[in-house]
Amino acid sequence: MCGIVGIMGGEPVADRLLDGLKRLEYRGYDSAGICTIHDDRFDRRRAPGKLKNLAQRLAEEPLAGMAGIAHTRWATHGAPTEDNAHPHIVGDVVVVHNGIIENFKPLRDELIAQGREFRSQTDTEVVAHLIAREIENGAAPRAALATVLPMLHGAFALGVMVRTHPDLLLGARLGAPLTVGYGDGENYLGSDALALAPLTQRIAYLEEGDWVAITREAVEIYDRDNNAVTRPIVNSGASGQLIDKGNHRHFMQKEIYEQPVVVAQTLRSYLRPLESKVALPDMDFDLSAIERVAIVACGTASYVGMIGKYWIEQLARVPVEVDVASEYRYRDPVLLPNTLGIVISQSGETADTLAALRHMRAAGVTTAGIINVPTSSMAREVDLLMPTHAGPEIGVASTKAFTCQLAVMAAFAANLARAKGRLGDEADVVQQLQQVPEAMSEALGHDGDIEAMAPKIAAARDVLYLGRGPEFPLALEGALKLKEISYIHAEGYASGEMKHGPIALIDEAVPLIVIAPSGPLFDKTVSNMQEAQARGAQVVLISDAEGIAQAGENTIATIEMPKVAPLIAPLVYAVPVQLLAYHVAVAKGTDVDQPRNLAKSVTVE
Ligand code: M6R
């Protein structure tokens, strides 16, 4: 989603601002812009589309100036045009903004009634007008910002400069992350530490409601009541090198291939093989007192929650509810005592999941989070952080974060089961989980077969995925992955549901991807597959050698997986599902890492 970089610099900033934007590209955006202050005036370049368009504008008309702000915009209000691109200038004020100003309409109406003219369709422009109005009425920049912030409803991070105060950079955060970077004779503002990594590793994370005044010499942070506060300066540890694709064509491919390593890395912090134990980080609540679990997440992370429901209920016999976060608060959930709320999120910043977490906390529920970014808002707000160690995930389509989340979810389910006295043979669970990285590597060995069959799927208009038990959410994940990067319409179904409606969609033109490891649910899944085959379905069967020997006839392709225990099958079968989506997207020539309309970190509701 949108990204902010600001530099109060000791040397020219335009190139460095552009570099910062490049490091934010992974978040997804559809236009970009930079504004500097030079010779007491604003100088601005903006361009719709990819950063190369902005870079070209800058090459044609370079920007001077030792202070400036820059932005990548993911359109919410108004099309991704140059006029709607940030920074927005009103009078002496320039603003960049992430998030949404929910009450922008009445504010805009009020400002128009006062004779003010708008040049964009964005919600952001009201912020620039409101601050400009305060300044025109004689307020100093800090006071103007402090007056305007309480007027704004919604979730936002802001970067602001005032032409008449070229040595001051202002920022504010409410519901969208914002960091301050500490340099040597320079200071910075960034929507994440990654954007600032080449400039500094010394970072402070603003807290909800904070605003900040940055000069070259000092950083002053204030809370929502305008009290001066200090926020710890930490070492971000973010690499200053641009994360590259190595030998891979896309980040998504690289991240799929990293899975054996990062899943092993994640499992290492949860498994104690010498003690035959699955462990969790220390917690200050009693796991054995948990009587129910409420899992909330979005998109791919929500499918981890659905798989977790199967595992937790089977292993621990504790009832689990799973909600997509965007629905959670609004259905007014019944939160009974002794519920553990679990949020799952790669970014730790997804607006709906964060809001659901706060809803649970406000209701007095103990919370835990399976989160990949340890400095994120969610990671800081949960009672128990269960980190994934996937490393930065750049491809918009989540892959390695998904399997690392599954690994942590399995560890959690085993711990809850032990706390409930139901785990049985813990050494066996440890052994099964230890087999995951190798089984994933073996699954990756079938990449060539998957690539070879991808053109058949790429030719389809619709694709269906089937699975049963924990492979049902994996079918949903397969369909989501295919949709988001290949733009082919795809749906996932519980295989037993087919004849309750979706089977009407089956004909020779609709490939059916069946995820069916051999095991207790195999025969039933295959019966559903055969019902579809009898109606002309073109089946791709993903199974192990035993399953393929039994049911691989009359399919258009089979993808062979190693034989694995049911507990770890979703982790291993995720690999062919991801590779299939990847190769289909490559065959279709789409923008695999930054698919149209999508953002990596969804910080608006
Ligand atoms: O950062 P999060 O894990 O909270 O993000 C949740 C979803 O937005 C994310 O999983 C999304 O569905 C991915 N694009 C899926 O590939």
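On a 1 Å grid over the protein atoms alone, a pocket is an open set of points with protein on both sides within 12 Å along at least five of seven lines, a cavity is a set of points where a 1.4 Å probe fits but cannot get out, and lining residues have an atom within 4 Å of a point. Points are joined across faces, edges and corners, and a volume is the space filled by probe spheres set on them. The structure is a predicted model, in which local features need pLDDT of at least 70 and side-chain atom pairs count only at pLDDT 80 or more, while totals for chains, interfaces and linings use all residues. Residues are numbered from 1 along each chain as its sequence is written, and side-chain values use heavy atoms, with hydrogens and water left out.

The lining is made of 24 residues, and nearest the centre lie Cys298, Gly299, Thr300, Lys600 and Val602. Two or more lining residues come from each of helix H9 (299-316), strand E20 (339-345), helix H11 (351-362) and helix H17 (471-486); here helices (H or I, at least four residues) and strands (E, at least two) are DSSP runs, numbered from the N terminus. Helix H9 contributes the most, with 3 residues. By class, the lining comprises 10 nonpolar, 10 polar and 4 charged residues, where Ala, Val, Leu, Ile, Met, Phe, Trp, Tyr, Cys and Pro count as nonpolar, Asp, Glu, Lys and Arg as charged, and the others, Gly among them, as polar.

The largest pocket holds about 760 Å³ of space. Among its 37 lining residues, Leu194, Asn372, Val373, Pro374 and Thr375 are the closest to the centre. Helix H6 (193-196) and strand E15 (233-235) are the elements giving two or more residues to this lining. Both domain 1 (3-235) and domain 2 (243-434) supply at least three residues to the lining, with bounds taken from an automatic or database domain assignment. The lining is made up of 15 nonpolar, 15 polar and 7 charged residues.

Attention now turns to the annotated sites. An unreviewed UniProt entry gives the "active site" feature at Cys2 and Lys600. Of the two, Cys2 is included in the lining of the largest cavity. Cys2 sits in the segment before strand E1 (3-8) and is buried (under 20% relative accessible area, with a 1.4 Å probe and protein chains only), at a value of 5%. The model has 1 cavity of 30 Å³ or more, and the largest cavity contains about 50 Å³ of space. Besides Cys2, its lining includes Arg73, Trp74, His77, His86, His97 and Asp123. This lining divides into 3 nonpolar, 7 polar and 2 charged residues.

The unreviewed UniProt entry also assigns "domain: Glutamine amidotransferase type-2" to residues 2-217; UniProt positions follow the numbering used here, feature names are shortened, and annotations may be inferred rather than shown by experiment. This stretch is 26% helix and 33% strand, and its end C-alpha atoms lie 28 Å apart.

With 20 residues at 1.5 Å each, helix H13 should span 28 Å, and its end C-alpha atoms are 29 Å apart, which agrees. The expected span is 1.5 Å times one less than the number of residues. Helix H13 is mostly covered, with 18 of its 20 residues buried. Just after helix H13, Gly421 adopts a positive phi of about 70°.

Notes:
Buried means under 20% relative accessible area, exposed over 50%, partly exposed in between (1.4 Å probe, protein chains only).
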